[in-house]
Amino acid sequence: MKPMEPMKPMDGGDAWWPKDLGSPASSGSQNGMRYAFFPDKKRLLVETDGKVKTYDSGDHRISGVQQAGGGSATFSDANGTVDLKDLKAVD
């Protein structure tokens, strides 16, 4: 019998955000929506239905999505919550 071989590391998958943003401080998904937060660039990217939108996160420190669905999302912030509709979309 051949000895067991070590497992290969799992592939984290391809990043769905632009490479120039680097690695997100937080990211996740819920209810068909995914997000990635880049505090150094003050950007929050949200992908819904295959379309990515970029938002100016300002001084928010986003750490997770609280609620998503029906076209709205609320994110956890160091000071409480922030609603996606309150952030300015950027090109």
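Predicted model: local features only at pLDDT ≥ 70, side-chain atom pairs only at ≥ 80, totals over all residues.
The largest nonpolar core comprises 13 residues. Those with the most contacts inside this core are Tyr35, Leu44, Val46, Ile62, Phe75, Leu84 and Leu87. Two or more residues each are supplied by strand S2 (33–38), strand S3 (43–48), strand S5 (62–69) and strand S6 (72–77). Strand S2 gives the largest share, namely three residues. Another core, of six residues, lies apart from the largest one and includes Trp17, Leu21, Ala36 and Leu45.

Leu44 illustrates the surroundings of a residue in the largest core. Leaving aside neighbours within four places in sequence, Leu44 is in contact with Tyr35, Ala36, Phe37, Lys53, Thr54, Tyr55, Ser57, Ile62, Phe75, Leu84 and Leu87.

Two further residues, Ser76 and Lys42, are set out below by accessibility.

| Residue | Relative accessibility | Class |
|---|---|---|
| Ser76 | 17% | buried |
| Lys42 | 38% | partly exposed |

Ser76 is placed in strand S6. Ser76 counts as buried because its relative accessibility of 17% is under the 20% limit. With neighbours within four places in sequence left aside, its contacts are Arg61, Ile62, Ser63, Gly64 and Gln66.

Lys42 belongs to the loop between S2 and S3. Beyond residues up to four places away in sequence, Lys42 touches Tyr55, Asp56, Ser57, Gly58 and Asp59. Of these, Tyr55 is 13 residues from Lys42 in sequence, and the two are 8.3 Å apart in space, C-alpha to C-alpha.

Definitions and conventions. Residues numbered from 1 in each chain as written. Heavy atoms only, no water. Core = buried A, V, L, I, M, F, W, Y, C linked by side-chain atoms within 4.5 Å. Buried < 20%, exposed > 50% of the residue type's maximum accessible area, 1.4 Å probe, protein only. Helix = DSSP H or I, 4+ residues; strand = E, 2+ residues; numbered from the N terminus. Contact = heavy atoms within 4.5 Å.
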